[in-house]
Amino acid sequence: MHDADYRIDIDGVSVSPHHFIGGERVASPNTFETRCPMDWERKLADIARGDAALAERAVTAAVEGFALWSAMSVAERCAIMYRLADLIDAHAADIATVECLDMAMLKESLEARLVPRGALNFRNYADIVSEHVERDWASKGTHNRVIRDPAGPAVIITPWNAPFMLSTWKLAPALAAGNSIILKPAEWSPLSASLLADLAGEAGFPPGAFNVVQGHGSEVGAALVADPRVRRISFTGSPETARLIGVAAARNLVPFTAELGGKGPLIVFADADLDAAAKKAAAQFEDSGQVCLAGTRLLIEESIRDEFMTRFRDHTDRHVAGDSRDPATTLSAAIHPLHLERVEGFVERARNNGDRIVFGGERIEHGKLWYAPTLIEPKSNDSEIVQKEVFGPVLTLQTFAGEDQAIELANSTEYGLSGIIYTSSAGRAERVGRAVRAGTVWVNTFLVRDLTAPFGGYGISGIGREGGDYALDFHADLKTLQILENSVS
Ligand code: NAD
């Protein structure tokens, strides 16, 4: 076991493999490996593997950190959050280098888009709480005011895809609300969270306000969410894990939000800009399809099927599989051999079910983790490949005869995270946009998100909403203070 000061050099970036608890690096007797998806032979690090005792220690630190952080003024807290945002921007290249190696996300997009977005999340929430005015009104002879009280330590549990940016959109509102946090990143991509812990230490969070705990979900993750001192749980991951966390949250009567999987429809009407739609459909293969919001079910109006397919095929063929550090690469490797085996299992079962593999359906190179962009025409809407999230570069193709059928197909899974519609008709955009049952519906665009908008899922895609004031309300205990008029002076 290395001591807590030990650090690893990863392509010129110094990374701690340890936890960050109470403002200090903390080692664990056991470790787990993280490897590079682009070269599975390459072990990046042995990471501290937290257990129940470590979780107990982290929650104790977060309770102490909460007392310090929540006692600070909003202006003091925001100054630290702005500093953290500046530090993220200053270290964007290092974070992108490490995250690219750890999960094979495209480096260029990490550096230009996702890491800066992480900084923006902290800035944005510091702005929102600085400008927040408490709701204040008179009624029934009293003065009423709504006060947001920080709730207590919050546990933030994140998945392995886009871990840096994704964690910041959950951490920023929790911290802005005055809660201390314990971040537990996924065991398949733990490194960027460790860099974030370094930056949080440098930004000046009081000890215990910002903690990062590494380890397996079933070990340290389960122990964290079971601790009754934790007052909020914010989770992103799979519906299966959300059910387990929900049970733990219910035992302690702790509010939790869950942002879960998706099986979004991408609906293309005959009146759409077909080339734009086909290009966006082909873009769903990026990041190896490991995007919860992806439009993975192509629903195409019958009359334009052939023309759409020609253009879609053309855009798909332009993809370049390769090393995610290379700016020419658009198709990245899958995160982990086990995950790719899971993707292969879906395609194999589709084949056996009689669904038609239109193209793809195999690895690009034997023994490597790149999977070919795959399109499947299902035998029926009930096929598993239509109904279950694959989380790989696998899309399905179905056609529809009119608006009603498009909506029926769009709403025919248990999920409801996102939807994408291509049409040039304002009326249709409004009608279909309202009818699609999903937390976010985009028309003629994708992934553009205003940070003040609510974010979450219908059905098994989630519970609760994050984003803007919705996340701040979740992280607070809301109080109504009511004072009889003319009774105080
Ligand atoms: P997962 O549910 O397996 O794991 C997510 C996190 O939960 C990990 O950190 C894991 O260690 C932890 N965990 C596992 N068991 C736990 C337990 N018993 N108690 C506490 N924590 C536990 O999900 P994953 O495979 O890492 O991520 C992929 C899933 O995440 C996909 O379904 C994807 O759609 C979803 N996702 C959703 C969004 C969204 O915003 N809706 C964003 C990204 C990913």
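## Helices H4 and H5

Helix H4 (residues 107-131) and helix H5 (residues 163-176) have axes that come within 8 Å and cross at roughly 15°. H4 and H5 are therefore roughly parallel to each other, a label for angles under 35 degrees. Their crossing is right-handed.

The model is predicted: local features need pLDDT of at least 70, side-chain atom pairs count only at pLDDT 80 or more, and totals for chains, interfaces and linings use all residues. Residues are numbered from 1 along each chain as its sequence is written, and side-chain values use heavy atoms, with hydrogens and water left out.

## Helices H9 and H10

The axes of helix H9 (residues 274-283) and helix H10 (residues 305-317) come within 8 Å, crossing at roughly 50°. That makes H9 oblique to H10. The crossing in which H9 passes H10 is right-handed.

## Gly215

Gly215 sits in the loop between strand S11 (210-212) and helix H7 (217-226). Gly215 is buried, with a relative accessible area of 0%; buried means under 20%. Phe32 is 183 residues from Gly215 in sequence, and the two are 7.6 Å apart in space, C-alpha to C-alpha.

## Surface patch

A nonpolar patch on the surface is formed by Leu481, Ile483 and Val488, with about 240 Å² of accessible area together. Patch residues have over 30% relative accessible area and no salt bridge, and nonpolar side chains are joined within 5 Å. A salt bridge is a side-chain nitrogen of Lys or Arg within 4 Å of a carboxyl oxygen of Asp or Glu.

Ile483 lies in strand S22 (residues 476-484). Ile483 is partly exposed, with a relative accessible area of 33%.

How values were computed:
Patch = residues over 30% accessible without salt bridge, like charges linked within 9 Å, V, L, I, M, F, W, Y side chains within 5 Å. Areas by Shrake-Rupley, 256 points an atom, 1.4 Å probe, with all protein chains shown as cover. Helix = DSSP H or I, 4+ residues; strand = E, 2+ residues; numbered from the N terminus. Buried < 20%, exposed > 50% of the residue type's maximum accessible area, 1.4 Å probe, protein only. Axes fitted to C-alpha atoms, helices over the stretch in contact; angles between N-to-C directions. Parallel < 35°, antiparallel > 145°, perpendicular 65-115°, else oblique. Left-handed = near helix turned anticlockwise from the far one by under 90°.
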